[in-house]
Amino acid sequence: MKEGFDTTDCFLVDGKLALPYTYFAGRVGSKFLTTIRDEKKIMGIKCNKCNKVFVPPRQTCDVCMEDIRDNWVDVQNTGKVTNFTVVRYDDKHLPKKAPYVLAMIQLDGADTPLVHVVEGIDLDKAKIGMKVQAVFAKETTNTILDIDHFAPA
Amino acid sequence: MGNRVAICAMAQVKNEPNVWYQRFQGMLLDCLEPILQQTGVTYDTDKGIRNIVTCSDDVFDARTISDNGMTDVVGAHFRGEEKTAQDGLNGLGYAMACILSGHDDVVLFMGHCKESQTESRNMSTNLAYDPFFCRPVGMDFLNVNAFQARAYMEKAGVTDEHLAEVVVRSRENAAMNPFARESGKVTKEDVLNSPFLADPIRELHAYPVTDWAVGMLLCCEERVKEFTDNPVWITGFGNCMDRYFVGDRDLTSNFSLKKACEKAYGMAGIKDPKSDVDVIELSDAYAHQLPMLAEGIGLAGEGQGGKWIESGGPAKANVNLSGGMLNGNPIMLGGVARAVEGYIQLRGEAGDRQVDGAKRALAHGTTGGACQHQTVLILEK
Ligand SMILES: [Zn+2]
């Protein structure tokens, strides 16, 4: 509190910014998400110039500036953890109840790790290099959470 | 037309945990009025303030076009008003460009952020990510910075003990800064025992929720004497954006900071920051970022952050004598708070924490998860 500040007639009004939206995911994003939803398959996009496979996919390689939107490749539903944290706070934007592991996961066949949740392990057993595998959601939410989480492979 | 830009005046309110009893407009007015009084600057459309650069964030203000809410307060009617919606240090760089390009002689910079207004800072930063791949998995600046912390600590031999030292020193320095948030001194044990938020980041490794407002008046070289006898010159500026997806980036390489430094050092003629800069202020929102950013600006060797802390590097190079961001400045204004400390030090007004004979300062700001966007500003006496 600022020293000597007169708080007479100071009143807090509750408010909220909440507005449901629909966002077009782009053709590339759309195909990526609907393939996960409908085929339980994760795809990446390969740049034929630098040979990198990007997950999440994108339509231009930012290094080569090549249009790569049609170069879809299948990547595996398995991969390894390249980095992780244990989320120990609860909040409304988080998909799971704390504590849980949030990890960077490099899928087999991909060059860029994807961020997702890892479940089914003791929190103190999480480690870099750990093999994991996608567990698909039983019911779709039409989001990346159609991969519900990753579990030890 | 001179080729330098001066900061002629600065006014700030104290950094506070929760200024619930004052609207941000009132906080800004508390900064603007002293600037008008100190300098005698007017809103005359020929000779006075014709352009105003503001810094604010729609999500933290809970309104669209957040600068709209302060147009009246900063006197922006019938003149230019432009908003920086990221670290305000970029707004200072932009104000500098307005003057160097010859478009303006005098530019007012005003920034505010009340982090306390939102129920959750992490919910707010979750919105910085796309709604397709990143928001749904709950990414926010805290858990993304935790990825960076883990990778950096491994790379640079930085331990939990080192981080505790960084926090203790931040709080000690802040205690000597009358405008710093009163976050309180802590011991190493306090830090080491503070609970994890997102491993390896502990509660006391993270900057606390803070409200703040600040203003500065900038002017071209040839008119500086109209406003002050003690100007501080902006002599270098650079910024750079790293890639968006964290999986595409090397989170510990300081890629964008090195690029920003190249530009700023080149402009200011800095060869070696170790010998050429007297005061260094880094936006260490999280404790591990202090040594990491020190590497990025060339103060510590690559991967030597742990050793740098052990050898007393932060104190030797006058790093974050303000207390740093770690003690508490709001997001959006971390970099501006760094420039404020540089300004105060170069004017010789830093009291107990004054660096004798300080001639040049470096201020650093960052925006985005894991320091995606980096900004460096060089100030000289
Ligand atoms: Zn490529």
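The questions and answers below concern chain B of a predicted model.

User: On what basis are residues named and local features reported here?

Analyst: Residues are numbered from 1 along each chain as its sequence is written, chains are lettered from A and ligands numbered from 1 in the order in which they are written. Side-chain values use heavy atoms, without hydrogens and water, and in this predicted model side-chain atom pairs count only at pLDDT 80 or more, totals for chains, interfaces and linings use all residues, and local features need pLDDT of at least 70.

User: Which side chain makes a polar contact with the side chain of B:Asn51?

Analyst: B:Asn51 lies in strand β2 (residues 51-55) of chain B, a strand being a DSSP run of E with at least two residues, numbered from the N terminus. The residue is buried, with a relative accessible area of 5%, where buried means under 20% (1.4 Å probe, protein chains only). A polar contact is a pair of N or O atoms within 3.5 Å, one able to donate a hydrogen and the other to accept it, and residues adjacent in sequence count only if both atoms are side-chain atoms; at 3.3 Å, the partner is B:Glu82.

User: How many residues of helix α11 of chain B are buried?

Analyst: Helix α11 spans residues 289-296, a helix being a DSSP run of H or I with at least four residues. Among its buried residues are B:Gln289, B:Leu293 and B:Glu295. The helix is largely enclosed by the rest of the structure, because the buried count is eight of the eight.

How values were computed. Buried < 20%, exposed > 50% of the residue type's maximum accessible area, 1.4 Å probe, protein only.
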